[in-house]
Amino acid sequence: MVRKLWTRDEMILVLNLYLKMPFGRMHKSNPDVIKMAKLIGRTPDAVAYRLVNYASLDPQLKKRGISGMTHGGNKCAEYWNEFIHDREKLLFESERILAKYEGITLEKKFEKDLKDISKDLTGEMKIREVKTRVNQNIFRQIVIANYSGKCALTGIDIPELLVASHIIPWSQNKEERLNPCNGICLSALYDKAFDTGLISFDSNKKVLFSTRLLKNKGQQYYDKYFLPIYQKELAETRKYPVNLTFLEWHRDCIFNKQG
């Protein structure tokens, strides 16, 4: 029996799944693995095998001493390297392919994210905006999964209240804007405080308060909402550790501006 060769679409779809999935869940009985297997006409075993092939290429897992499955990983390396060199392009392509396999248009799948795009946008400008919105959605999925679907400070697990906070803002660094190590899952209040520099994190990932925020000591809202997180350490990540150099950038360029 001749083995069916993996296509580019199939390889990219499994990479898409890998990026969204914690390492410990890459097994054939995972419902997401089973769903992907049905979608591309493969067995759950085959999909799980490709997932651990991708894991063997992930430098974040290597740092933790997790090697994945190296045998048969050469084909995965081609797509992994393509992703690393242009995350924006390959993430968007993977979602376009996924929508096609699911029998839905990309516009319909991301309707909520795209609904307020100006109707005046056309051509390349519209494509660029759609690509940005889709990639931001996927970044959010990856970061929230990385923190087990919970706020890294409070444990809140209501999806509607969670934000994938960029450490270095989207507009400040194109190369790292889709790097999951540049994201922290925070509930809306603390995302806003982090985004505006009212709070940050030290090299041990513990919460720092700006002098502006500290001036509110004694206020009822301060004691209720901020005092409980003072010097609290970020929750552990499932796969992608927060980048300490990015945190240093945030302290220098955003947090200290609040001084």
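## Cysteines

The structure holds zero disulfides, a disulfide being a pair of cysteine sulfur atoms within 2.5 Å. This is a predicted model, where local features need pLDDT of at least 70, side-chain atom pairs count only at pLDDT 80 or more, and totals for chains, interfaces and linings use all residues. Residues are numbered from 1 along each chain as its sequence is written, and side-chain values use heavy atoms, with hydrogens and water left out.

For Cys151, the closest cysteine sulfur is in Cys185, 6.3 Å away and too far for a bond. Cys151 is buried at 3% relative accessibility. Cys185 is buried at 0%. Buried means under 20% relative accessible area, exposed over 50%, and partly exposed in between (1.4 Å probe, protein chains only).

## Faces of helix 2

Helix 2 spans residues 31-40, and its buried residues are Val33, Met36, Ala37 and Ile40. They line one face, because they fall within an arc of 105° seen down the helix axis. The arc is that of the directions from the axis to the C-beta atoms. Helices (H or I, at least four residues) are DSSP runs, numbered from the N terminus.

The face turned away from the buried side carries exposed Pro31, Lys35 and Lys38. Cover for the buried residues includes helix 1 (8-20), helix 3 (44-55) and helix 6 (87-101).

## Ends of helix 2

At the start of helix 2, Asn30 brings a side-chain oxygen to within 2.8 Å of the backbone nitrogen of Asp32. Just after the helix comes Gly41, with a positive phi of about 75°.

Terms used
Helices (H or I, at least four residues) and strands (E, at least two) are DSSP runs, numbered from the N terminus. Contact means heavy atoms within 4.5 Å. A polar contact is a pair of N or O atoms within 3.5 Å; within protein, one must be able to donate a hydrogen and the other to accept it, and residues adjacent in sequence count only if both atoms are side-chain atoms.
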